[in-house]
Every structure is written in C-alpha cells, then in structure tokens.
Amino acid sequence: MRKQECVAMLLAGGQGSRLGGLTRKRAKPAVSFCGKYRIIDFTLSNCTNSNINTVGVLIQYKPLQLNSYIGLGSAWDLDNPYGGVHILPPFLGEKEGSWYNGTANAVYQNYEFIDFHDPEYVLILSGDHVYRMDYARMLNFHKEKSSEITIAAIQVSREEASRFGILTVDGDARITTFSEKPAQPDSDLASMGVYIFNWSTLKQALIEDAKDLGSQNDFGKDIIPHQLKQAKRVYAYEFHGYWRDVGTIESYYHANMESLREGHFLNIFDPQFRIFSNEDILPPHFVGSTAKIENSLVCNGCIVHGDVHNSIIAPGVYVGKGVEIRDSILLPYVKVHTGSRIRKTIVGENAEIMRHCIVGAEGQVTPDQEGITVIEDNHNISEGSVIEEGKNVYRPQII
C-alpha cells in the first residue's frame with residue numbers, strides 16, 4: 001500500500017429526518033439533486049477534482065441504496081489501486097462495537113482504516129452539502145500556516161448565523177473562539193463542516209474524546225472547542241464560492257431552484273470542474289408537439305407532453321398531455337398523468353400522480369415563498385385528488 005498524504009473521511013450516515021418523506025427510505029446523501037445528481041456526488045467529485053483518491057464513506061442509516069450507488073467508485077474515478085473509495089459501516093470488534101454516536105465517534109470507530117493508510121493529514125467532510133471546492137487549496141493553506149486544524153468557513157447573514165458553528169479569527173486567520181449554533185452570534189463567519197487535521201492531532205483528540213463520558217462525540221460541539229482550549233493552532237480557511245447545507249425541505253428546495261438562475265455560482269456545466277454521477281445512462285429526453293418548457297432542467301429519459309415552467313425534471317420522468325408543472329422538483333421516474341397541475345412541490349422518486357389532480361399551491365406563488373408540498377417516494381396520488389400546499393404526503397409504514 002502506497003502511503004497517502006491525505007485521506008478523506010466522508011460522513012454520510014445521518015438520518016436526515018428534517019427532509020421528511022425524501023429520506024424515509026434512503027440516506028440523505030442519496031437523495032436526488034438538480035436532476036441527474038445525488039447529493040453525495042458533489043463531495044465525491046470535489047475529492048476527485050482535488051486529487052484526493054482515498055475516501056472512506058461512513059454510512060449507517062438506510063445504507064443499501066447509498067452503498068449500491070457508490071459501488072467501486074468508478075463514476076468518480078475513485079477505483080484506483082492506490083486508495084479508492086471504501087464503504088465503512090459500523091462494525092462489531094473483539095472488544096466493542098456500536099452504532100456511530102456522533103460525528104467524532106464515527107471517525108474514531110474507523111481509526112484503524114486511517115492508520116492503515118498512515119496519512120499526514122485527514123480531511124473530514126459531510127455528505128449532505130452542495131458545493132464545488134478544491135480541497136488542495138485548503139490543504140496548501142493548512143501547510144502554509146503550520147496549522148494543526150483548519151476549518152473551512154464562509155460568510156453568512158447575521159439572521160442565519162445561529163444555525164451554524166460560528167468562528168472569530170485574528171488578523172492572521174487564526175481562530176480565537178468557536179461557538180456551535182450560538183443564540184447571539186458574535187461573528188458572521190460560519191463553519192462549513194469541512195476540516196483538515198494533522199493525523200497526529202486528530203488521533204490524540206479522538207482518543208481523549210472517547211474517554212470523556214460527558215462528550216457528545218461531535219466535532220463542532222466537542223472536538224474543536226476542546227482543541228482550542230488546549231491552545232492548538234486552529235485556522236479558518238475562508239471559502240468564497242457557492243455552498244449550501246441542504247438538510248431541510250426549505251434549503252433543499254431553494255438550492256435546487258437556485259440552479260435555474262442565470263449566472264448561478266454552482267455552475268454544474270463547468271467542464272474544468274465536473275460534477276460526476278453514477279446515474280443510469282438513459283436515452284435522450286423526448287419533447288412532444290404539445291409540450292412547452294421554460295427555464296427548466298429536463299434530464300435524459302424524460303417524456304414531456306405538457307407544460308414545464310421553472311422546474312427540475314430528473315431522469316426518466318413522464319409528463320402527460322395537459323399537465324402543468326410549475327416551480328417544482330420531480331425526482332427520478334415520477335409519472336404525472338393527463339390534466340394534473342403541480343405547483344411548488346417536491347415529488348419523490350417513482351411516485352405517480354394520476355389524472356386531473358391538483359397538487360400544491362394554486363394562484364400567484366413565487367419559489368421564494370414557503371409552503372412547499374412534498375410527495376413521498378413510490379406514493380400514488382389517486383385520480384382527481386387535491387393536495388393542499390405545504391402538506392407532506394406519506395405512505396403508511398408496513399412493518
């Protein structure tokens with residue numbers, strides 16, 4: 001095994017309960033995004049574009065689809081013999097074993113995986129963020145500062161700062177204070193949940209955290225504050241690109257809708273920094289003679305006979321005649337039959353909306369207003385149904 005300078009540990013095991021019906025049957029990183037992608041595609045593609053070729057993916061909740069989707073990592077060029085992508089579920093060892101209990105505990109349980117590769121640096125990532133970032137630039141910054149821990153940070157509005165870990169820094173970008181989701185933020189510089197550690201520093205921090213019975217075993221709540229108290233060299237790498245945490249229905253919806261805006265920062269069309277995907281190869285989409293498509297993304301394998309406005313249509317979707325789709329996101333293999341109207345709605349994978357249904361807001365509604373309707377994966381909306389705006393439609397759980 002060739003020694004790796006930097007190993008990435010990608011945290012992809014969260015339940016994602018705030019995404020409601022979109023994550024009842026799949027892990028949050030496996031949710032479809034922007035038509036042809038899955039949320040995890042962005043972080044994996046960032047690794048590929050940053051020449052980081054050893055990635056451990058820590059999975060736990062509903063792992064089957066995510067495991068199957070990642071496979072050997074070939075879609076992201078991560079099936080190389082000198083590293084590759086590795087699926088790391090919780091496991092039972094000779095002495096102990098348990099479900100992952102916090103982000104730090106998940107990495108701690110895979111201590112041997114990191115040690116096997118013997119890296120100088122460890123990159124900690126989240127699998128539920130949408131952004132394009134060259135981690136190599138952050139690593140260079142980490143080295144230049146002789147940092148022990150570097151945290152990627154981005155400016156946010158004061159109104160939303162209390163949702164994040166908030167940093168204050170000195171004139172050299174060294175972090176002086178770190179507060180996890182403070183009620184009264186004293187800065188607008190937020191942690192992106194992207195960390196680079198010297199492996200020696202992380203190793204000691206994880207061991208100490210595991211021994212602390214009062215710890216929540218979380219990087220933001222425990223590891224980072226404790227390292228600052230020990231006067232470790234912790235720096236903020238300020239990121240100026242597009243970044244979104246898509247952990248709620250509202251943030252997921254708005255991040256998708258932002259991709260339809262002209263000059264959008266995410267720029268999924270940039271050939272110099274591609275976002276790779278392992279979606280099935282489907283035939284070209286078909287646009288019928290009665291169709292009208294405006295300011296929308298329509299992916300391969302779609303058949304469109306109706307009107308689609310300001311919406312994202314994922315692969316394999318069927319839109320029948322007389323259908324109107326507006327300000328909505330249809331995930332893979334949805335079927336919408338004749339005469340139905342869908343507005344400001346996220347329709348889950350393989351769901352079917354029968355004839356002459358009205359789903360979501362009626363009247364003058366803009367994508368920036370709340371009231372997002374969500375239809376769960378595989379759900380069938382019967383003919384003539386009316387689903388009011390802001391409603392979450394679930395199938396009964398059969399146990």
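How many aromatic pairs does the count come to? I noted 11 aromatic pairs, and I keep in mind that the coordinates come from a predicted model.

Entry on one ring pair. I looked up F164 and W243, which form a tilted aromatic pair with 5.8 Å centre to centre and 55° between the planes. The angle is neither under 30 degrees nor over 60, so I filed the pair as tilted rather than as stacked or edge-to-face. I then checked where the two residues sit: F164 is in the loop between β8 (149–155) and β9 (165–169), whereas W243 belongs to strand β13 (residues 243–245), and the pair links distant parts of the chain, 79 residues apart.

Entry on other rings. I wrote down a cluster in which ring pairs link F33, Y37, F42 and Y252. I also recorded a charged group against a ring, since R38 lies over the face of Y69 at 5.9 Å from the ring centre.

Entry on salt bridges. How many salt bridges does the count come to? I noted 15 salt bridges, and I followed several of them individually.

For R24 and E376, I read 2.8 Å from N to O in the salt bridge where their side chains meet. R24 is in the loop between β1 (6–11) and β2 (32–33), while E376 is in the loop between β28 (373–375) and β29 (380–381), which puts the partners 352 residues apart. I marked E376 as buried, at 1% relative accessibility.

For R132 and D270, the closest N and O atoms of the salt bridge are 3.1 Å apart. I placed R132 in the loop between β7 (129–131) and α5 (135–144) and D270 in the loop between α8 (249–258) and β14 (286–287), so this pair ties together parts that are 138 residues apart in sequence.

For E258 and R244, I recorded a salt bridge whose closest N and O atoms are 3.3 Å apart, with E258 in helix α8 and R244 in strand β13, 14 residues apart.

Terms used:
Residues numbered from 1 in each chain as written. Predicted model: local features only at pLDDT ≥ 70, side-chain atom pairs only at ≥ 80, totals over all residues. Heavy atoms only, no water. Phe/Tyr/Trp six-rings, centres within 6.5 Å; stacked < 30°, edge-to-face > 60°. Helix = DSSP H or I, 4+ residues; strand = E, 2+ residues; numbered from the N terminus. Lys NZ or Arg CZ within 6 Å of the ring centre and 35° of its normal. Salt bridge = Lys/Arg side-chain N within 4 Å of Asp/Glu carboxyl O. Buried < 20%, exposed > 50% of the residue type's maximum accessible area, 1.4 Å probe, protein only.
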